[in-house]
Amino acid sequence: MSTAARESLPASFSDIDRSSEELKGHVIEYLSGTASNPEIRRMRATASHLFAATEGERLLDAGCGLGEVARDLGSVVGPRGSVIALDNSADVISAAHARHDGGPVTYVVGDVTALDFPDDHFDGVRSERVLQHLADPGAAIAELVRVTRPGGRVCVIDTDWPSLTHDGFAHLDDPSVRSSNILLSTAGRTARSLMVKAGLRNVTASPVTVCFTSPTDAATVLAFFDPKRARVVDLIPEQLLESFFDSVDRAAERGDFLVAFTMWVSLGRKGEDGE
C-alpha cells in the first residue's frame, strides 16, 4: 500500500503541507474539480448574493483553497478595494497564486484560529468549508468576528454531513460508514449558533441542498465515488469497496443514482460601537 493510500484525504486538509506529494496532488485536483462543479457553483452563487460585496471594500476569504472566490471578489471590489486570500497550506496558496488573474488579491498563509490582522480591519470576511476540519470552530468564528469592522459582515459556509442521503446503491448507510468522522461533522448547521455566541447580529442561515444524479458528477465533490481516490479517502471500508462500486455502477446504468446533502450559508453583522 502506498503512503498516500494510508493517509486520509479529509484529514489531510488540516495538514496538507506535510502530506505525501501524491496526496497533495489529490488535494489540488479535488479542489479544482470541486470549484468547477455546477452544484458547488450554485451554492457559491447563493453565498455571493447574501455576502453582497461592493466596490472599494476590503475583504478576507479565510480558507480560500485555490482562490476562485477571492478572485471573483477582486473583480467586484476593483482597484480601490482589496481581497486577502488566506489558507493554512503553503502548497495550496502557491497553487492559488499560480492562478492569479491580476486582480486586487493577495495570497497569504495563515491560521484561521489566529489571524495575523488587526481588530476591525475588514469590511467583510467569508469562510467556506473550513469549520468541519477544525478542532475548535468557535475559535475560528471569534477570529473572523475580531478582524471585521463594526457594521461589517461575516459569512460562513459549511456542510451538514449527517444530512447526506442517497438512493439507488448500497452501503452508504452501513454503520461502519456512518460512524466515520468524515460524516459526523455538523459544522454547517451549528455555524449560526457559534456566530450568535460570538456576538454577531441578525444572523441568518440559508440551506442549499446539493444533489447529484450521476457518480461522475458526485465524484468531483464526494471523492469516495471516484474509484481512483476511494482508498485515499478511506470512507468506504476496504471489504465493501467492490460491492459499493458494483452497486453504484448498476444505479448509473439504471439511471436511478442519487446522492444529496445540505450546505448552510450563515451571515451575520458585527454590531456598531455602543450596540
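Biologist: Which residues touch the most other members of the largest nonpolar core?

Modeller: Keep in mind that this is a predicted model. The largest nonpolar core has 58 residues. Those touching the most other members are Phe169, Phe224, Phe225, Ile236, Val259 and Phe261.

Biologist: Let's zoom in on Phe224. Which residues is Phe224 in contact with, leaving aside its neighbours within four places in sequence?

Modeller: Phe224 is one of the residues that touch the most other members of the largest core. Setting aside neighbours within four places in sequence, its contacts are Leu164, Leu172, Ala230, Val233, Leu235, Ile236, Phe244 and Phe245.

Biologist: And how many residues are in the other core, the one that lies apart?

Modeller: That core includes Leu115, Val125, Leu131 and Ile141. Its count of residues is 23.

Biologist: Which residues of helix H7 are buried, and what covers them?

Modeller: H7 runs over residues 137-146, and its buried residues are Ala140, Ile141, Glu143, Leu144 and Val145. Their cover includes strand S1 (58-62), strand S4 (122-128), strand S5 (148-167) and helix H9 (187-197).

Biologist: Now the backbone. Which loop holds Asp120, and what is its phi?

Modeller: Most residues other than glycine have a negative phi. Asp120 is not a glycine, yet its phi is positive. You'll find Asp120 in the loop between strand S3 (105-109) and S4, and its phi is about 55°.

Biologist: Is His171 buried or exposed?

Modeller: His171 sits in the loop between S5 and helix H8 (175-178), and it also has a positive phi, near 85°. Buried means under 20% relative accessible area. His171 has 17%, so it counts as buried.

Biologist: Last one: how far apart do the centres of the positive and negative side chains lie?

Modeller: There are 27 positive and 40 negative side chains in the protein chain. The centres of these two sets are separated by 4 Å.

Key
Residues numbered from 1 in each chain as written. Predicted model: local features only at pLDDT ≥ 70, side-chain atom pairs only at ≥ 80, totals over all residues. Heavy atoms only, no water. Lys, Arg positive; Asp, Glu negative; His and termini not counted. Charge placed at Lys NZ, Arg CZ, Asp CG, Glu CD. Core = buried A, V, L, I, M, F, W, Y, C linked by side-chain atoms within 4.5 Å. Buried < 20%, exposed > 50% of the residue type's maximum accessible area, 1.4 Å probe, protein only. Contact = heavy atoms within 4.5 Å. Helix = DSSP H or I, 4+ residues; strand = E, 2+ residues; numbered from the N terminus.
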